[in-house]
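Have a look at it first, and then read on.

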Amino acid sequence: MNARDKILASIAAGKTALRPLPDLPVTPESDKDLLAAEFIRVLGSIGATAITANGLTLIREDLQRTRQGSAYIVNTIPDIGTVNAEVHAGTGADLLEKVEKAYIRGTIGVAENGAVWLTEAGMVNRLLPFICQHLVIVVDREDLVADMHEAYRSLPATGDGYGVFIAGPSRTADIEQSLVTGAHGARSVLVYLVTPEKHF
Amino acid sequence: MTDHASLAESFNKDEPRVDWHDATLWHVREKRDKAAAAVPEWERLRELASQIKEYTLSDLDRLLIQFERNAQANGIVVHWAANAQEHNEIVLRLIRGNSITRIVKSKSMLTEECGLNEFLAENGIGVTDTDLGEYIVQLRQEPPSHIVLPAIHLKREDVSDTFHAHLNTEKGNNDPSYLTATARTVLRDRFIRSELAITGINFAVAETGAFVVCTNEGNADMGAHSARLHIACMGIEKVIPRTEDLGVFLRLLARSATGQPITTYSSHFQKPRAGQQMHLVIVDNGRTRQLAQPDFRSALKCIRCAACFNTCPVYRRSGGHSYHSTIAGPIGAILNPNIDMRKNADLPFASTLCGSCSNVCPVKIDIHTQLWKWRQVLAAEGALPSGKRRAMKGMAFIFSSPRLYRMTGKIGRAIMRVLPFLVANRTWNPWYRQRELPQPPSQSFNSWWRSHRK
Amino acid sequence: MKIGLFIPCYIDQLYPQVAIATLELLERLDCKVGYPPEQTCCGQPMANSGFASLGQGCNRNFVRNFSGFDYIVAPSGSCVLHIREHLDDDNKEEAAYIRDHIFEISEFLVDILKIDKLDAVFAHKVGLHISCHGQRGLHTSSMSELMEAPFSKPERLLGMVKDLELVRPSRADECCGFGGTFCVFEEAVSVKMGKDRIKEHESNGVEYITSPDTSCLMHLEGILRRKKSNIRVKHLTEILNARQ
């Protein structure tokens, strides 16, 4: 018998009678203002920065200003400026390791823990949000949810090949429990929380 | 002697260091308490997590088949290994078959359990552990002492010395930021040039074939997205039925482990990226044996948060290495006897049965009850020292006879009073080493009752 | 209501004053208390060492002695927990009755007698050591690990004692390290745990450490006396029975 059949047969012989699989709780609808306040508070507590933006103007200006310097900046969001065509799914680590800052769109923000869901399409390249020195995430206020139950309910059923919740900058406390940000991934995370532009 | 008690005794020779170790881990426990208290439905979440895992274990074969089918449909190659040896050989075959020399590995307790690094080293292949804590202990050629905080037994000066010796950092510079930045630079180069990334798996979702890896450092992703080959290794118990179940587990995991609301990165791998090979190794290594034992089955619910380590008053004062196993702490003490009963017969006794471990467990494993039950199994299997058995038989005999009990008690108290040196001896009475004996009264309660009330 | 007084072996032999205080306390609360003099041990030392299988003699003797009482009460959470969880005998019905009707003294006073006042006086600063088996095993108080509403039966009782000043250690429910045979087989860790508990009570400036479990106190007392500390130990019932 091969390992697979051996393992499956041992499980079948050893397991208990079928136990019930519980239904999961449905989170009551929350007020977006409260969610936004909590999201921003939690991001602060995990070493990230959150800025609320009325429309995309502020972010466009940020990108423009940042690009005036000499550092290698990668934008993946067409709405806020030109995207870097040289960065695509197949771009290798040797180029990406030079990225100082990356701008990526998130599709869900989770108020209880400050996590933002990035899709494979949104990040363009899987390595980009990790290897960049600094990460800027843009997420719509409308896409905030209260907790992880709601977050998973909001994820499309057929996902990409890859997706990630990112909650703040890379961190470690492996040396004497002393918290250091910037272990291997991005050293800083800035989250723009975007409210729809108001037209007067 | 290398049992828990003697290793713990050595650990306790440096009392200030024990105090430091205890305080450091207690601080993690306090952070966990704070995080749990901030979730009003905490106890309900634990119950849900427990029920999902109970269901999973009761339907494990079907869920694994479903997971395999979906993973394969996603382009992931699935391997099965009945034991550590098979697991290691699968990995070696993939390394050789793809002519790979540069390997990075993120934290995987399973590969530790299988002794993968040692096995590959014997075959002339080096692996870089990239979790900072694991990297530190790897440089020092030590095993991790904690499954979430591998280098928690070390002080910053120790890390500084190690980095000075291996990475040429400034001597005496103990600043954790400086040391971490150095490791970042060194390991960044390893990631970029890596050909194979090995990762563990926190959760494997049966309904989608996706798997989730949680890290704070980002090291699993740095490797997996750089290398042309990704091998992810999982024990059979890592599968869960539904994507939505992740909501329950991810809410509990980091809060229980470190007090964070969630790990920095919760990465969901579903398909290899273009041009990449993705392999999965599903490992038994004694788990089906554990599953078949009703008293010990539920230990397989463990999600490796190590909350039971941090709360355990014995672990905090004996250190991870005193458990002489990959998985230390209370959960290790109920998992390891299943792997090797005689070698690990001491571990279920490394506990006062205080029960704190079961209370912090996010999936409600009855850890302290299983510690008690393992003791019974070990005694029945003759895995305990024969002196202990004789002593217990003697006690049982005395307590079965009220007259003999009263007589022995009377003689014992008389000896304590009249010939105290017989019992007040530091060499053969461990009680007396650091404690005074109780002051024996002239009369037992029993004889007081007979003279006053009867 | 007929109460059987269960005095665990080491209390009988080494701490008769705890047994006497328990007896007097119950009698002052108008309970009719009997003490079956042929009792010995609950069997816990063997069972916790892995030899529950050797416990039939203890079990048989326990059932023989404690049949026919309405309740069985003991000044030791640990021994009560052992009986409640593990007592088994050929006399199944009687064993089951005993398992369901054995109480540790603080839970008996609070849950069964439902007392709300005592005429006890103890004008001292006292630190409470919560015994793990009483707390986590019998649930005599809320546990710091669980997100549950706080309560404590021993504290509630101590609150009825006049002039007593109660101080809580910051690690309110950390184990003292006694652990039965753990105290000798894991001597180093056991003593270290006890020393750490004592350190907290010392820094709180207590005169007495009390507990609903005598075994914890025996261990702590051994360490206190070795270091010639002025802190004394007293079982909960000794304080609840005190008149000055």
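What follows goes from the chains as a group down to single strands and helices.

This is a predicted model, in which local features need pLDDT of at least 70 and side-chain atom pairs count only at pLDDT 80 or more, while totals for chains, interfaces and linings use all residues. Residues are numbered from 1 along each chain as its sequence is written, and chains are lettered from A and ligands numbered from 1 in the order in which they are written.

**How the chains meet**

Which chains touch the most? Of the two pairs of chains that touch, A and B have the most contacts. (Two residues are in contact if their C-beta atoms, placed from the backbone, lie within 7 Å.) Chains A and C share no contact, and their closest C-alpha atoms are 18 Å apart.

Now for chains B and C: 58 residues of chain C are in contact with 59 residues of chain B. Several helices of chain C each give at least two residues to this side, among them helix 2 (16–28), helix 11 (187–203) and helix 12 (214–226). Helices (H or I, at least four residues) and strands (E, at least two) are DSSP runs, numbered from the N terminus. The side of chain C that touches chain B has 32 nonpolar, 16 polar and 10 charged residues. Here Ala, Val, Leu, Ile, Met, Phe, Trp, Tyr, Cys and Pro count as nonpolar, Asp, Glu, Lys and Arg as charged, and the others, Gly among them, as polar.

**A sheet in chain C**

Chain C has an open sheet of four strands in the order 6-5-7-8, with parallel pairing. Strand 6 and strand 8 (232–235) of chain C are its edge strands, each pairing on one side only. From one strand to the next, the twist averages 35°. Helix 12 of chain C packs on this sheet, where it touches strand 7 and strand 8 of chain C, and its direction makes about 170° with that of strand 8 of chain C. Such angles run from 0 to 180 degrees between N-to-C directions, and axes are lines fitted to C-alpha atoms, for helices over the stretch in contact.

| Strand | Partner strand | Bridges |
|---|---|---|
| Strand 5 (residues 125–128) of chain C | Strand 6 (residues 165–167) of chain C | three bridges |
| Strand 5 of chain C | Strand 7 (residues 208–211) of chain C | three bridges |
| Strand 1 (residues 49–54) of chain A | Strand 11 of chain A | six bridges |
| Strand 6 (residues 134–140) of chain A | Strand 11 of chain A | seven bridges |

G127(C) has V167(C) as its bridge partner, and V126(C) has Y208(C).

**A covered strand in chain A**

Is strand 11 (residues 188–195) of chain A mostly covered or mostly open? Six of the eight residues of strand 11 of chain A are buried, so to speak "mostly covered". A buried residue has 20 or more other C-beta atoms within 10 Å of its own C-beta atom, placed from the backbone. In this strand, T195(A) stands opposite N54(A), and V189(A) is the bridge partner of L135(A).

**Two helices in chain B**

Helix 3 (residues 42–58) and helix 12 (residues 245–257) of chain B pack at an angle of about 125°, with axes 10 Å apart. These two helices of chain B are therefore oblique to each other, as angles under 35 degrees count as roughly parallel, over 145 as roughly antiparallel, 65 to 115 as roughly perpendicular and the rest as oblique. Among the residues making the contact are L45(B) and I52(B) of helix 3 of chain B, and V248(B) and F249(B) of helix 12 of chain B. The contact residues divide into seven nonpolar, no polar and three charged.

Technical notes. Pairing = 2+ DSSP bridges. Buried ≥ 20, exposed ≤ 12 C-beta atoms within 10 Å, placed from the backbone.
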